[in-house]
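Where does a protein leave open space, and what lines it? Look at the model below with that in mind.

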Amino acid sequence: MSAAYSILIRTLASRGRLYAIGALGVLVVLVGVAVRTAEDSSSADAFDAVNAAGLALFVPVTALVFASAALGEMVEDNTLVYLWARPVRRVELTLAALGAALTVSLPCVLATMLAMSLLLGVDAAFVVGTLVAATASTVAYSALFVGFGARVPRALVWGLVYIAVWEGIVASVGSGLARTSLRLYSESLLRSIAGVDPERFAVGPGVAAIVLIAVTAVGIALTTVILERADVA
Amino acid sequence: MNGRAQMNAEPVIVVEGVSKWFRDLVALSDVSLTIGPGVTGLLGPNGAGKSTLLRVVCGLTAPSKGSVRVLGRRPRVDRELWRDLGLVPQQEALPEQLTALTFVTAAARLQGVAGAREAAAAHLDLVQLDPGDTRTLRSYSKGMRQRVKVAAALVHRPPVMVLDEPLNGLDPAQRVRMIELFRTLGAEGHCVLASSHILDEVERFGSRVVVIAEGRLAAEGPFHQIRELMDDRPHRLRLRTDRPRELAAALVGAGVASGVAVSAATNDEPGSVVVDTLEVAAFRHAVAALAVRADARLYELAPLDDDLDSVFRYLVERRYR
């Protein structure tokens, strides 16, 4: 698995992607600064800022950019064959791709979310909640997007549409449909750890953790099946 | 059982009634063949289905119909077969950010080769690339990339090697060395299946040839047999002459033409005779003397169907007639 990981990580960590995510991270941090410096800002505003700019935007977009490219780029440029045509279990290739994606995306996410939550200046529980929620959702999104990238052409574009429509709009409308978005579960984790009042459709931390772990497992399983059935060029 | 040991007992690659289609496009049609140890050249024009056949043989894609066995195993589902199988894919693309040594070392590790780095260095050396080269593959020429791919395919010394156009991009000297390498591997008992669309290349690969055209098996057997088939087919040639009718009559009268079509001479251009002949050597031998006898001046004698595509078409038609 380490050999596959070493190929994938070098492919993923391109300057273009790092610059793009870095720029988006700076914007997210600036949102935190803006909220903090607003005259009548409250801890509820801080929560909304982390939720909207972090968990709904920065975390899924960062996961999408790196995870969809982990195998997707190799599919597109026809180099997947160099990993696939080896006596390696497909689940190991999936885990190597997920590991490579997380190696790049998690530091970006954690650094940005840490800076944002510290700048918002609520309390330690809020910072911890932000980091836990961001980590859990980055892993879950990445597990989904690795397979998505391997299967769907132009996965980045379709992934952005999914993030905007499903994780953005549907998750915000406050109906039961929100429970089909991953964002609700990371948001619920943040609420419970930071001690923010739960909204109507929020779930408990146990349920949120179980759902995020289950989504990760399903993502890994689907990617493995996609690799097993792939037509490799 | 060790793959090499198994090869002595049975054909290494068995393709039975394989067809492959992509929506409306039939890439392979009912192909059956067996391939044993040694070097086998897979010959066919571009778009004939060679790469599709090699992909099916390696399990990179499933056949729409039929079955494939490599060393008695099913390549599409038996992942462990890759321990005994090496592939040089057709595409030029390689992971651009890696050095050649990193790439081949990763290949060796994925194959479970002990001393992966040393093995990778030795195989880069074998294909005459510098293992110490610190440049990434992005800066490599087509020929260098091709050699990196060969090193990565050979690094675990598999008993079966499938090479899709392995000589593409190589200069003449590198081609000679690469062919020599394949022949050596074949002589050692490896099964090497290498494709090409160039007849002369395949001739130098070794004695056995499989010809694919229009997705179908056109011919298979020793190279000299295929060559004879190609030479003995009906040929069509065009003669330019100032007396086409007289020359045509002389050719038919002498029995060296099975059919003629005459175009009369004009003020600007000489006439022409398009000749079908079953014995091209006898025709070439007789035509000058017949022209003298007919008092005809010969301006040109040109084959009309000597390109490989025509040869392949003929072989397909002959096989399925």
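The model is predicted, so to speak plainly of its limits: local features need pLDDT of at least 70, side-chain atom pairs count only at pLDDT 80 or more, and totals for chains, interfaces and linings use all residues. Residues are numbered from 1 along each chain as its sequence is written, chains are lettered from A in the order written, and side-chain values use heavy atoms without hydrogens or water.

A pocket is an open set of points on a 1 Å grid over the protein atoms alone, where a 1.4 Å probe fits, with protein on both sides within 12 Å along at least five of seven lines; lining residues have an atom within 4 Å of a point. Volume is the space filled by probe spheres set on the points, which are joined across faces, edges and corners.

| Largest | about 380 Å³ | 19 residues |

Take the largest pocket. Closest to its centre are A:V75, A:A150, A:R151, A:A230 and A:D231. Helices α3 (43-76), α6 (124-151) and α9 (205-229) of chain A each give two or more residues; helices here are DSSP runs (H or I, at least four residues), numbered from the N terminus. The largest share, four residues, is from α3(A).

Now the second largest pocket. Helix α7 (155-172) of chain A supplies at least two.
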